[in-house]
Amino acid sequence: MSGSDEEGVTRRSVLRSTGAAAAGLGLGGGSLATLDELTEEQRATVENYVGEDEVLPNSCAPNCRGRCPIEVHVRDGRVKKTEPGIPENREYKRGCTLGLSHVQRIYNPTRLKYPMKRTDWSPDDPNVEGRGEAAEFERISWDEALTHMAEQMEAAAEEYGSESVYFESGSGDYGTASDHQARLASLFGGTRMDWSIDINVGQGFRRVGGAGWFNVPTNQASDLKNANTLIAWGGDIFASRLQQDSSKMLDAIENGGKLVVVDPVYTGTAAKADLWLPVEPGKDVHLALGMIHHIFENDLYDAEFLRKRTLGPALVGPDDTLLKAADVVPGSDADKAVAYNTETESVEVLEPETEGAYALTGEFSVGDTTGRVALDALEAEAANYVPEDIEETVGVQAGNIRKAAEWLATRGPGGVVPGLGVDRYKYGHIFGQAYAVLVALTGDYGRSGSFQGGYFNGAAADFGDYTAPEGSPGYEFIRQTKILTGMESGDPFQIKVMFAQESNFIGNQLPDRQRWLEAAKNLDLIAVADMHHTPTVQHADLILPAAHWFEKVGATSPSTHPHVMYRAKAHDPLWEARSDFWINSRLAKKLGYGEYFHETKSEELESMLEADEHVDYETLKAQGTVEKPTPVVKYTGEFNTDSGRLEIYDEDAPSEKGISLEVPRPVESRTAEDWEGADEYPLTFMQKHSKWRIHSQFEYQPVLREINPEPQLDINPKDATARGIEDGEYVRVHNDRGEMVVKAKVNDAIQPGLVNTDQGWYNTDFVRGHHNDLTHTDVSPVTGNFAFYDVRVEVESAPDDIDTSMYTDDQTGVPQAGDRQ
């Protein structure tokens, strides 16, 4: 890639400065010297080393949910180190290795330095075949880059409609950049992305509790210490949610709480558990129903809670729909469920938050029909999952299934804290329904120490209608599944231009990667704004260098702890990088919408915060953080459902593969034993999160790559032996979509029949292929959520002639991808 370093900070000086700390003072000699004995150069070195830093408030905000406040130490115009900041509520002081490595990230040689254009791209001839690994780029000015973008966007809008311009904002920075891009997209009338990732479980829960999307909202994390039983289900919290969540979970353990971990892998979180349930992949609903069976069998359910706050006592007619008051209660026109009151011996309307002596079992005559209690339907389904009968299917001993259910039901407040693992099965939404029902049976809603999800209650800045300015046409908002078909075939409409920021989706993070790259060939322009040279950047036509978080003024809203946090600017953006606000607002000027943005980010942010009654801009700047009033306990009142109650019987249930889901019933795809390709591809393939990166962020941090130098395949010794594979050898992982070649790590922590490669690695990290060349875009029509874990593969020794020199000849083990710049 062309583009020189002759201006500003050079790559050589960056590498020299980041290595300075390791080199020490370098005074030489065998004895201590006084300042008087030092040369002028040595004295300057000492004074710089012991001098004072300017400490600025900032925050870390990748997609890890920690969103930790950070103190940035600046000296001589350079960031020297980062430390955990102290928020207004000191309970939320936290940080991790990644957040403390930002010095290497901001001065990393993989930083994008200048606006660039692919050498063989032009507005008249996009030459889409020139994208990819062989693409070369040339330096252009910001004015040229933004002019190209504006002209291509306007041309696409004129020919295909304004919705043909796709504004993509990923999860690379949860500051305000997405808001700025959304405002521009609204003014232009373009298209934005609604998610098809990690929303399965939340959508399933929403059917029961009226809330949930990216996981499920629950009590503040600070309340974890009051839980007596916590079931961490499908998430390695001590690796991927290390910052706020795990510290509070440890508080619960120290206070005598029991930790149960449900995971097919023996993770770091499982190592902390009182009880590990090594569930077979895809069998989570079976396991939940086994626990529900134990609760019914032993009358451990919270009858008072069920009567007051759920549809458990609701009466169900012969057609499996709820009987409604308008049909069976004389004089009522209410479209509400009814229950049978055993004291009054009459049918009554089930109002929200209303107690009554409602029958929890039985069948009753109601006018001209009969109604059975909804809870009976759940119990009847759970009767098919006796723990002793299912232990081989689910991979968990019956006694441990019963013990987990017993603890949850009898030890006081507790609940389920789901990770995002079960989201990644095609029918993972049914688990969301199942565990919502399980926690309803134990009464674990609306009280301290009771948890229903993994999205802890937090604060978000209120920006009012900022993203939808008055008079703007607004933007189309469609799922990623439809973004793909829109690029491929024009369904629901043709997409021709993409402007991506904070996103490494197309080139790295989306399933069936090759399908996305092929679909992107129908785009006339791909413009990518990013800090670093990612695989998506390599497939761009225009490259826009974005500022690091410490190089711009900003604010973050964690949503998972109760603060809005200020980002002070440590220094100007390096080279010709610009903030996301600058890029969006200057592009807006080119498109004729300049009047809708202020000249500076500070002015813009102050204006945005005027809508928030709890956060004053000047106070935020002065304090660094502002704690917003945030309830500690969730679900204390009427639920956000049609009935106002927990709808543990769902009369509007969708169907999957012909199976109706009024109550949860297991449905599987590729994890099923009888799946049609199971013989050819017998191993389930996961791509779990790593503690050494956030998705694909922090990819080329030298300190992290020393610990985690290359992708590997976790494989059980039994599976390795059966294939003649030894620990440390390179293996070929393949299926009908693609392949990858990685080093095998024979690993007892992984179950037989299951293999794993941590997700987020770049294609340049693999000897051959990519982990997302193996995944697929087969989704449930009910949710449209990508099923990253519902994948089958086979593994074999890599070909003898495979070239592994990128690792075997490089003692650092780190491919030099940054050298392409």
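Two strands count as paired if DSSP finds at least two bridges between them. Strands (E, at least two residues) and helices (H or I, at least four) are DSSP runs numbered from the N terminus. The model is predicted: local features need pLDDT of at least 70, side-chain atom pairs count only at pLDDT 80 or more, and totals for chains, interfaces and linings use all residues. Residues are numbered from 1 along each chain as its sequence is written, and side-chain values use heavy atoms, with hydrogens and water left out.

View A. The three strands lie in the order 23-24-25 with antiparallel pairing. Strand 23 (554-556) and strand 25 (625-627) each have a single partner strand, so one side of each lacks a neighbour in the sheet. Three bridges join strand 23 to strand 24 (residues 563-567), and Gly 554 stands opposite Arg 567.

**View C. Phe 205 and Tyr 635.** These rings have centres 6.4 Å apart and planes at 45°, so the pair is tilted. Phe 205 lies in helix 7, and Tyr 635 in the loop between strand 25 and strand 26 (655-656). Both belong to a cluster linked by ring pairs that also includes Trp 233 and Phe 639.

Notes:
Rings of Phe, Tyr and Trp (its six-membered ring) pair if their centres lie within 6.5 Å; planes under 30 degrees apart count as stacked, over 60 as edge-to-face and the rest as tilted.
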